[in-house]
Amino acid sequence: MKPKALAIVAASAATVFVGALLALMFSIYIETPRAVPFDADFSLIDDQGRPVDQSIFKGHPALVYFGYTHCPEACPTTLYEVADWMNTLGEQGKPLRAYFFSIDPERDTQEVMHEYVNAFSNRITGITGKPEEMKKVADGWIIHAEKLPSENNDYHMSHTVSLLLIGADGRLKGLIPYGMDRGQALAKIRDVLLTHSNGA
Amino acid sequence: MSTITTAHSAVRALARISLYPASSHGASFLAAKDKTRRAVVSFLVALLFAATAGAENKAPGSIRIDHAASHAMVPGAKVGDGYLTITNTGPEPDRLLGASSERAKTVQLHQMSMDNGVMTMRELKGGLVIPAGQTVTLEPNYHLMFQDIAKPFKQGETIKAVVSFEKAGEVDVNFAVGKIAGPLDDVGGVAGKMDHGTMNHGAMSMPDMDMTNEAGGTAHGDHEGHAQ
């Protein structure tokens, strides 16, 4: 009688424990950023008119951002921060590249992009081209970009504002959410992109 | 004035720190956490505003505007922004309806929202309520967007605009233009001030606002510090 009750209690406790453990493991699994392999071929141009394809993500760690020049807030703020980070990282940040992909390539011509990125830093490369080619890159990195029409045939873009940290192996190593504290962002870039000697 | 300034910076710092944690997660995971954090931040912001509101006591129905500032426009950029802090020192709520400026064909009031790491800007058509006795800072959730600009905003200049309210009417506001991005703390000062109904533009205190160079901004900051 008593041992039986004990056994039931023990069995229930064990079940709850295992259940909780599984739940914990699952939540950790969900929260862990996975190294998403980028798998798309595309053909675009940089702000100097040179061709750009999928090989741009290989060989150097890179800060990759998708934005547009009509962007009122997030894009200029992010590029401003990227320029500051690149400067601050100095010698250690030498292998680092920074790419600003236009999610509004119809308005962001090569000339517009060239002027725009260089206002922040000559180490940031602007990339634009055909909308359908740009879509391949954005989709490849699971970047959301959507036109929101407003009056006078104008539109804004609703878009992912997290910055992608991409390793020299072409895989996503992490994200810098918009508005992240400067010190934390620098520590993260050092940690995930510059300390594993994967900087080609 | 100094109370508001302090609260303003504190809120800004708070929003930055709390909304975006150091740890990295997949984009989809950010959503739930963001919402909770936003709620917590909103609550704290409300508390701060409630605390500062008591310290300000002005004529009924008056609207005061502080920290009006814009970023210099990046070459290639087509739009300009405008941020300001609005204090309703009166006993009744008012509503920010919109703005206009000779420098832009249209000026829209925008609301920014973040969901799942995706930022969306929408025009706020119904205006923005400024509750009685409270201060509303247009950054980071709201901003004015200047569109169709013939002459890009340059650092150091001042953009004259008229901001309209449902009850307080039209208020002249001078936006001090700072650097191309990043915080505008160094330029945004007292931009405009008016009492309800009087429309006395001459009485608005906007000294030195045209001198928004580095030195001017610093001097202004010092002045605020002493006022505490």
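1. Start with the interface. Chain B and chain A bury about 3200 Å² between them, and carbon and sulfur atoms give 61% of that area. Buried area here is the accessible area (1.4 Å probe) that two parts lose on being put together, summed over both. The size of an interface is often given this way, as the accessible area lost when the parts come together.

2. A note on the basis. This is a predicted model: local features need pLDDT of at least 70, side-chain atom pairs count only at pLDDT 80 or more, and totals for chains, interfaces and linings use all residues. Residues are numbered from 1 along each chain as its sequence is written, chains are lettered from A in the order in which they are written, and side-chain values use heavy atoms, without hydrogens and water.

3. Who takes part? Chain B brings 39 residues to the contact and chain A brings 35 residues. Contact means heavy atoms within 4.5 Å.

4. Next, the polar side of the interface. The rule finds five residue pairs in polar contact across it, both residues at pLDDT 80 or more. A polar contact is a pair of N or O atoms within 3.5 Å; within protein, one must be able to donate a hydrogen and the other to accept it, and residues adjacent in sequence count only if both atoms are side-chain atoms. The elements that give two or more residues to the side of chain B that touches chain A include helix 2 (27–55) and strand 4 (104–115) of chain B. Strand 5 of chain B gives the most to this side, with six residues. Helices (H or I, at least four residues) and strands (E, at least two) are DSSP runs, numbered from the N terminus.

5. Look at His156(A), in strand 7 (residues 155–160) of chain A. Is His156(A) buried or exposed? His156(A) is buried, because its relative accessible area is 6%. The cut-offs are under 20% for buried, over 50% for exposed, and in between for partly exposed (1.4 Å probe, protein chains only). Leaving aside neighbours within four places in sequence, His156(A) is in contact with residues of both chains, among them Tyr68(A), Glu146(A), His110(B) and Met121(B).

6. Now Gln111(B), in strand 4 of chain B. Gln111(B) has a relative accessible area of 31%, so it is partly exposed. Its side chain and that of Tyr142(B) are joined by a polar contact of 3.4 Å. Gln111(B) and Leu138(B) are 27 residues apart in sequence, yet 9.0 Å apart in space, C-alpha to C-alpha.
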